[in-house]
Amino acid sequence: MWPGFAIPGVVWLCLLFLVPFYAIFAVAMGRIDPILSRPIPEWNPFYWDPTVFGDVIGDVFGGQLGVIALRTIAYVFVASAICVAVGYPVAYFVSRKAGRWRWFWLLLILAPFWINYLMRMMSWVNLLSPDGQVNQLMSLFGVESLPNWLSGHSFVVVLGLVYGYIPFFIIPLFAALDRIDDATLEASRDLGASSAQTFWRVTWPLSRNGVLGGLVIIMLPMFGDYYTPNLLSGSPRTRMLGNIIDQFINQTTSQGAVGAALTIVLMVFVAGLMVYYLLTINRATEEARS
Amino acid sequence: MRNQWGKPRGLVLLTALYVLWSLIPVAIAVRFSFNDGRSRSTWQGFSTRWYVGDPAEASSVLYDPSLRFALNQSLKLAMLTMLVATPIGVALAIGLARWRGRGSKSSNFLMLFPLVTPEIVMGVALFLVFDNLYDFVTFGTMAQFLGHVTFSISFVVIIVRGRLFAIGRDYEEAAMDLGASPSEAMRRVLLPLLTPALIASLAIVFALSIDDFVISQFLVGGADSVTIPVRLYSGARLAPPPSLNALATVLMVITIGAIVVAGLGVKYLGRRFGGGEDSALETVGRLEI
């Protein structure tokens, strides 16, 4: 009887998740129709043609794509580091030190969570546009040559990534910090540790999984992001891997195979993160079940 | 007792600055949706013209066809997705929680996979499969609907399964000891106990769908299947009038409304059907990207 309940969902996910997933490989390893110049997927792995995929890999190691891949990694790592540096103290304060006003602070840090990502990015486009509030403020202070913030500055894109994803880092970390039993920290103090020692030897190790979980949650979508650099810069100088995929899939119809091959490259990038996240959720449910 | 080891002034300051930085840009965007002029940076007085004004110029959310269609499309997709993904997900959660035989482990992994797959990968995958294999699926509402349900199912499973584990099997077994058939036990005991998780699932799926950008954009068909986030994306860099801010504000109000309704529903029904308040919203808080 129980498998019967699972059947509709399992069939749905097979047809609309597994098969599409396989289609990425079938298209990447397929051929190109010589007349219509659109990709012909090859569903049988025995006939896979690695030409397009090989070209893409070659370009990643030593070509233009390599530069973009390195830039993607750099953006994601710098943005993630800033998220930890800013997000950890915020989550720590709200979960452990906010006292009576805890619910209020919690509400404030949860708010961006439910405001659409594109709306939050649009707000920054607004502020940073040539006649926007940031430049208005700068001219108030007498700055003569007002910069165009939205024309290909790496730091604007990285700050945009931080702004976009930091709430998703703070919330799981908050949950992890919140689970630490006060008694553990009191025990540490009673045994003579200073508050700094208590933090570094008790709180920090106990929250490390929260930091890792939060990092995985923000790094996965950041690696595939294309809308943030497009909105906040739009210049080839700040293109990430996601932008190239978006370009080959959404903006041209004939380059599907290249887009699919690039998607596989992206998946190789994030495979470790995906596995870690998968095992974490699986372990959490196994614990809840028993 | 929390704050017994000295006042963390630095932490308060940092948190306050973070909150201001995270909310002020949005607050400014909302403010300028009420501007009585075309500028999004110079305040010219309060007005609701970008929401409901100017039928002749078609410049408000209500009268500009491209904005109103986006609102319609977003609402339509979110409703459809909510009504289809929730039952499938609830059934899958019950099945996976109880089923121990061959295939249960791999079905469980299959369910978790969409949660950890970056959206762009899922977008590319669905685009390619609809383009090359499922030719009967047209891009636009139909493709977007299939995509939204696909990424929503796993969230429903996670929410409902948490509640299932908390309930345990005792109530059902008690009902069957008292003479109920398995299907009666399910209908009259288990499903009422699941109501809070059901409400939470409906609202979360609604919010996930209406907030989605990547899948909607990859599977867009034409001007008539542009959703609000896709419209915000395509309009943001083109020096748009404040009506775009108004559209974004409407989306924000709808999303927050759905979450508030879910929170109240979970709180009220959790009490009424026993078992305390559910951690469903927290669960999703930890998972949502």
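Rings of Phe, Tyr and Trp, the last by its six-membered ring, count as a pair if their centres lie within 6.5 Å. The model discussed here is predicted.

Q: How many aromatic pairs does the structure hold over all chains?
A: A pair of aromatic rings is described by the distance of the centres and the angle of the planes. When the pairs that meet the distance limit are counted over all chains, the total is 40.

Q: Which kind of aromatic pair do Y88(A) and F199(A) form?
A: The ring centres of Y88(A) and F199(A) are 5.9 Å apart, and their planes stand at 85 degrees. Planes over 60 degrees apart count as edge-to-face, so the pair of Y88(A) and F199(A) is edge-to-face.

Q: How many residues apart in sequence are the parts that Y88(A) and F199(A) tie together?
A: Y88(A) lies in helix 3 of chain A, which covers residues 64-97, whereas F199(A) lies in helix 9 of chain A, which covers residues 195-223. Both Y88(A) and F199(A) are buried. Because the two residues lie in these two helices, their pair ties together parts whose separation in sequence is 111 residues.

Q: Which residue forms a salt bridge with E172(B)?
A: E172(B) lies in helix 7 of chain B, residues 170-177, and its partner lies in helix 3 of chain B, residues 65-98, so the pair ties together parts that are 74 residues apart in sequence. Both partners are buried. The closest N and O atoms are 2.7 Å apart, and the partner of E172(B) is R98(B).

Q: At which residue does helix 1 of chain B bend by about 30 degrees?
A: Helix 1 of chain B has 24 residues and reaches 34 Å from its first C-alpha to its last, close to the 34 Å expected at 1.5 Å a residue. A proline, P25(B), follows within four residues of the bend. Among the buried residues of this helix are P25(B) and L23(B), and the bend is at L23(B).

Terms used. Residues numbered from 1 in each chain as written. Chains lettered and ligands numbered in written order. Predicted model: local features only at pLDDT ≥ 70, side-chain atom pairs only at ≥ 80, totals over all residues. Heavy atoms only, no water. Phe/Tyr/Trp six-rings, centres within 6.5 Å; stacked < 30°, edge-to-face > 60°. Buried < 20%, exposed > 50% of the residue type's maximum accessible area, 1.4 Å probe, protein only. Expected span 1.5 Å × (residues − 1). Bend = angle between axes of the 7 residues up to and from the residue. Salt bridge = Lys/Arg side-chain N within 4 Å of Asp/Glu carboxyl O.
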